[in-house]
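Let's take a walk through this protein together, one stop at a time. Keep the picture open while you read.

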Amino acid sequence: MRYGYIGLGHLGGHLAASLLKAGFAVTVYDIDRSRGHRHLAMGAAWAESPRELADGCDAVLTCLPSPAESRKVLAGPGGILEGLRPGGTWIEMSTLCRDDIMTLAALAAPRGISVLEAPVTGGVHRAATGDITILGGGEKDLFEQHRPALQAMGGEIFHMGPLGSASIIKVITNMLAFIHLVAAGEALMLAKRGGLDLAKAFHAIKASSGNSFVHETESQLILNGSYDIGFTMDLALKDLGFAMKFGEEFRVPLALAGLTQQLFKQAQQTYGGNAWSTQVVKLLEDALKTDLRAPGFPARLGESTI
């Protein structure tokens with residue numbers, strides 16, 4: 001089976017590389033050809049368009065920044081649906097809202113194309129090591145058919161249920177991560193203003209009941225000052241928007257998520273949409289004219305250990 005991979009950015013580039021490392025036949029495409037250089041060196045084929053890529057593949061995976069981009073690549077002129085043959089599969093690894101994936105699946109169905117959703121969670125650094133968590137949604141048999149490829153890209157893999165299920169849980173996990181990020185920043189600032197050594201405070205929190213995955217990872221980038229999590233403010237707000245939409249639909253008041261969304265909007269206005277999402281903590285640093293720096297922490301996750 002030949003897989004195609006479209007979208008070789010921070011996440012997709014690592015995921016496509018993991019498929020190649022596992023020995024899968026892979027064709028790649030990105031609007032920026034330079035992103036595919038390492039994949040070509042690993043044995044991937046290059047396509048000049050989504051249509052050309054799909055024409056030579058049995059299944060196409062995508063990892064794209066927005067629902068609009070996913071729709072364009074799937075169903076626009078020169079898109080996947082013009083090339084993928086009946087019986088093929090589109091596997092969407094982008095973070096979409098449930099309504100988006102259902103709408104796009106409805107466009108694929110008349111052409112005999114099956115659809116899986118497989119968004120990922122755990123951070124770019126875990127995608128780089130092939131240990132990222134994959135959340136699957138769609139027909140169980142189809143999921144099992146592509147499980148070997150998913151296992152090549154990820155660590156823990158969950159089939160959440162029918163199509164749309166993975167979109168809901170992915171948005172939930174991201175909502176929690178953003179809330180935890182704001183909380184971690186406030187905790188570190190309390191430690192700093194309380195006169196504590198921030199490196200010691202980091203490790204004490206990590207070993208405490210107040211620990212979180214976000215503290216273990218993103219707090220390190222804040223303490224370094226790089227903030228380089230590989231995930232932008234615009235993407236964070238996209239996902240928080242999805243969470244708030246689910247809150248309305250499911251009649252769940254999301255007080256913490258709503259406050260977090262407002263803080264991210266303020267950070268977006270202050271630092272720009274392409275700023276790293278971790279810079280939401282910089283709002284507090286700037287307001288108090290107090291930085292949260294400590295020696296010995298990496299500029300990027302996976303570069304070193306402390």
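**A tour from the inside out**

Start with S277, which is buried, since its relative accessible area is 2% (buried means under 20%, exposed over 50% and partly exposed in between, with a 1.4 Å probe and protein chains only). You'll find S277 in the loop between helix 13 and helix 14 (282-288); helices here are DSSP runs of H or I with at least four residues, strands are E runs with at least two, and both are numbered from the N terminus. Before we go on, know that this is a predicted model, where local features need pLDDT of at least 70, side-chain atom pairs count only at pLDDT 80 or more, and totals for chains, interfaces and linings use all residues. Residues are numbered from 1 along each chain as its sequence is written, and side-chain values use heavy atoms, with hydrogens and water left out.

So what does S277 touch, leaving aside its neighbours within four places in sequence? Its contacts (heavy atoms within 4.5 Å) are L181, I229, F231, T232, M233, A236 and F264.

Two of those names, F231 and F264, turn up again with F178 in a cluster linked by ring pairs. Rings of Phe, Tyr and Trp (its six-membered ring) pair if their centres lie within 6.5 Å; planes under 30 degrees apart count as stacked, over 60 as edge-to-face and the rest as tilted.

Now look at helix 9 (residues 165-193) and helix 13 (residues 255-271), whose axes come within 10 Å and cross at roughly 70 degrees. Axes are lines fitted to C-alpha atoms, for helices over the stretch in contact, and angles run from 0 to 180 degrees between N-to-C directions. Helix 9 and helix 13 are therefore roughly perpendicular (65 to 115 degrees; under 35 is roughly parallel, over 145 roughly antiparallel and the rest oblique). On the helix 9 side, M175, F178, I179, L181 and V182 meet L256, A257, T260, L263 and F264 of helix 13.

The structure holds six aromatic pairs. One of them joins F246 and F250, stacked with 5.3 Å centre to centre and 5 degrees between the planes. Both sit in helix 12 (residues 233-250), four residues apart, about one turn of the helix. F246 is buried at 6% relative accessible area, whereas F250 is partly exposed at 37%.

Last stop: G87, in the loop between helix 4 (67-75) and strand 5 (89-92). Is G87 buried or exposed? With 62% relative accessibility, G87 counts as exposed.
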